[in-house]
Amino acid sequence: MPSPLADSVKLPCGLVFPNRLSKAAMAELMAKTNQPNDSLNDAYEQWSQGGWGSILTGNVQVDVDHLGSPFDPALHGEYTGDDKTVVKEWKKYADACQKHGTPALVQICHPGRQSFRPAGRRGFFAQTIAPSEVPMNIGNGLLEQLIACVAWSQPREMTRGDIEKAIRCFVDTARLMADAGFSGVELHGAHGYLIDQFLNSKTNLRTDEYGGTPTKRARFVLDILREIRKVVPPTFAIGIKLNSADHSSSTFEETMTQIALLVDAGIDFMEVSGGSYEDPQMMGYAKSETPKSERTAAREAFFLEFAKEVRQRHPGLVLMLTGGFRSRAGAEAAIRDGACDLVGIGRPAAIDPKFPLLLLDESLDDEKAALPLEKVPTPFYARWLPRNLIGAGAESTYYAGQISRMSRGLATLAPAL
Ligand SMILES: Cc1cc2nc3c(=O)[nH]c(=O)nc-3n(C[C@H](O)[C@H](O)[C@H](O)COP(=O)(O)O)c2cc1C
């Protein structure tokens, strides 16, 4: 029987993904001048041959003053549609991603308070910007406080002008990506970045029209979505990556309210993830080890139950679930269970750029259609640092290293114990 993973999926904008397997966004850490370059293009050309249904790029920052890492590609100034030189560079990137017909979407992002001091052109001692002045908190111990202080500066509450500028940066970046030939963008609304900071009541303490209720906290992302729609073709996809919330948490219904608003505003798809720099659940490392229910624990996916709840409330919303998928059996179970339409795959894609060809190969039995991965070991000298952060950091660094090897034509290596 053919795998349900081989089915195509059509988005509301009309864009068709030829199958359900999506290469998830992974920051490549290869843009030394914060521009796309040959190394990036070479890596994506490999993924373009991999049989993916869609390719999501690593995060592209919408403002070069505020980067997630010093090596993120970014928008370097206003883009109003008439700068042919900048389009040409991004077009090479779009062409490399889509060389073999797979639609590629650019993940666009603003880190807000999560921008490391050396990341971005605003200067080492300059403040970050955020909805409210809530500093980064990776723990209450002396060491954790010291690390946070060295890594991140104190955020400053964004003025109306800052908010308007940030919205314009998202819109300009989306427009540039459409002009360059990409098939869509994904707003990074997860992992504690700026959009997530607005959505979340812990980081958004505002009392103006951008804060105070779940609906007002969603206004920032809804403004971005509406303004992007005005400048891109109707067939250009706009999706969002969002954090899940625990069913038992007080924020669960608030998150559901915000999702309903995004659905009403016409989002093309929603990717479910979770966590932040302060609590990196997206990498399988959580601050507090809340036990998962047996049902979720028995499966691969990290955020399966939340996705099923969203599906129940919004049966027409195209849902992508990312985090933990390592096998055809696990991915098929999520689709058959009705938890999602698309399966996002991160780390296995950095080891095997053609992972979908393995999963969709009907001649292989389920046992062989898999790429189990060990956790990346942490160096002994780092073991006295916060375990979850070091673990997640080691994973990101390791897999970014594999993407770099891929782009140089070298064999990738799965982590060894
Ligand atoms: C090296 C690396 C870089 C990542 N960069 C991003 C990113 O830029 N944007 C994002 O939304 N998620 C990013 N992630 C998280 C992945 O998209 C994904 O949510 C996570 O790795 C869990 O999926 P997996 O278990 O299939 O790896 C990154 C993960 C890795 C390993």
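The lining of the second largest pocket is made up of 26 nonpolar, 18 polar and five charged residues, where Ala, Val, Leu, Ile, Met, Phe, Trp, Tyr, Cys and Pro count as nonpolar, Asp, Glu, Lys and Arg as charged, and the others, Gly among them, as polar. That pocket is the space taken by the ligand. The model is a predicted one, in which local features need pLDDT of at least 70, side-chain atom pairs count only at pLDDT 80 or more, and totals for chains, interfaces and linings use all residues. Residues are numbered from 1 along each chain as its sequence is written, and side-chain values use heavy atoms, with hydrogens and water left out.

**The pocket**
- The second largest pocket has a volume of about 1,200 Å³, taken as the space filled by probe spheres set on the grid points, which are joined across faces, edges and corners.
- Its lining has 49 residues, and Tyr277, Met283, Ala392, Gly393 and Ser396 are the closest to the centre.
- A pocket here is an open set of points on a 1 Å grid over the protein atoms alone, where a 1.4 Å probe fits, with protein on both sides within 12 Å along at least five of seven lines; lining residues have an atom within 4 Å of a point.
- Helix H14 gives the most to this lining, with ten residues.

**The shell around the ligand**
- The ligand is surrounded by 23 residues, the closest being Ala25, Ala27, Gln107, Gly346 and Arg347; a residue is near if one of its heavy atoms lies within 4 Å.
- This shell divides into ten nonpolar, ten polar and three charged residues.
- H14 supplies its largest share, three residues.

**Polar contacts (N or O pairs within 3.5 Å)**
- Arginine 347 places a side-chain N or O atom 2.7 Å from an oxygen atom of the ligand.
- For alanine 27, a backbone N or O atom is 2.8 Å from a ligand nitrogen atom.

Key
Polar contact = N/O pair within 3.5 Å; in protein donor to acceptor, adjacent residues only side chain to side chain. Sits in = over half its atoms within 2 Å of the grid points. Helix = DSSP H or I, 4+ residues; strand = E, 2+ residues; numbered from the N terminus.
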